[in-house]
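Here are a few exercises to work through with your viewer open. Try each task before you read its solution.

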Amino acid sequence: MNAVIAFARSQVGKRYVSGGSGPGGFDCSGFTKRAYALAGISLPHSSGAQAARSRGISRAQARPGDLVVGPGHVGIYMGRGMMIDAGNHRTGVVYRKVYSGLRTARIGQR
């Protein structure tokens with residue numbers, strides 16, 4: 001997951017683009033899809049489909065690189081209650097606290 005984390009950090013400040021999967025901008029699922037691809041994991045370009053492919057875990061079990069999912073949204077958990085996500089047109093890709101309504105989830109057998 002080091003590649004996922006490094007990629008996420010390197011994209012902070014990029015703009016939000018509906019349907020975007022980089023390099024100039026991302027939507028939420030395009031961001032996570034691109035990050036996970038660097039770790040050799042193929043994800044669909046849909047927050048709901050990514051959530052469906054993951055299994056929910058408790059915040060206490062969450063590790064950097066896990067997903068943070070909620071209704072119509074997905075991001076990457078960075079540890080200590082923080083995440084990086086492509087929030088919206090106003091925020092772009094940001095590092096911020098995991099907010100209410102999101103849950104942590106894991107792809108694969110980590």
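The exercises below move from the backbone to the aromatic rings and then to the nonpolar cores.

This is a predicted model, in which local features need pLDDT of at least 70, side-chain atom pairs count only at pLDDT 80 or more, and totals for chains, interfaces and linings use all residues. Residues are numbered from 1 along each chain as its sequence is written, and side-chain values use heavy atoms, with hydrogens and water left out.

**Exercise 1. Backbone**

Task: Find the cis peptide bond, and say which loop holds its proline.

Solution: 
- Start with omega: the bond joining Gly 22 and Pro 23 is cis, at about -5 degrees.
- Helices (H or I, at least four residues) and strands (E, at least two) are DSSP runs, numbered from the N terminus.

Solution: 
- Arg 80 belongs to the loop between strand E5 (73-79) and strand E6 (82-86).
- The cut-offs are under 20% relative accessible area for buried, over 50% for exposed and partly exposed in between (1.4 Å probe, protein chains only).

**Exercise 2. Aromatic rings**

Task: Count the aromatic pairs in the whole structure and describe the one between Phe 7 and Phe 26.

Solution: 
- The search finds three aromatic pairs. Rings of Phe, Tyr and Trp (its six-membered ring) pair if their centres lie within 6.5 Å; planes under 30 degrees apart are stacked, over 60 edge-to-face and the rest tilted.
- Phe 7 and Phe 26 are edge-to-face, with 6.0 Å centre to centre and 85 degrees between the planes.
- This pair links distant parts of the chain, 19 residues apart: Phe 7 is in helix H1 (residues 2-11) and Phe 26 in strand E2.
- Both Phe 7 and Phe 26 are buried.
- Ring pairs join Phe 7, Phe 26 and Phe 31 into a cluster.

**Exercise 3. Nonpolar cores**

Task: Which residues have the most contacts inside the largest nonpolar core?

Solution: 
- A nonpolar core is a set of buried Ala, Val, Leu, Ile, Met, Phe, Trp, Tyr and Cys residues joined through side-chain atoms within 4.5 Å.
- The largest such core has 22 residues, and Phe 31 and Ile 76 have the most contacts inside it.
- The elements giving two or more residues to this core are H1, H2, strand E4 (67-70), E5 and E6.
- Helix H2 (residues 28-37) is mostly covered, with seven of its ten residues buried, including Phe 31.
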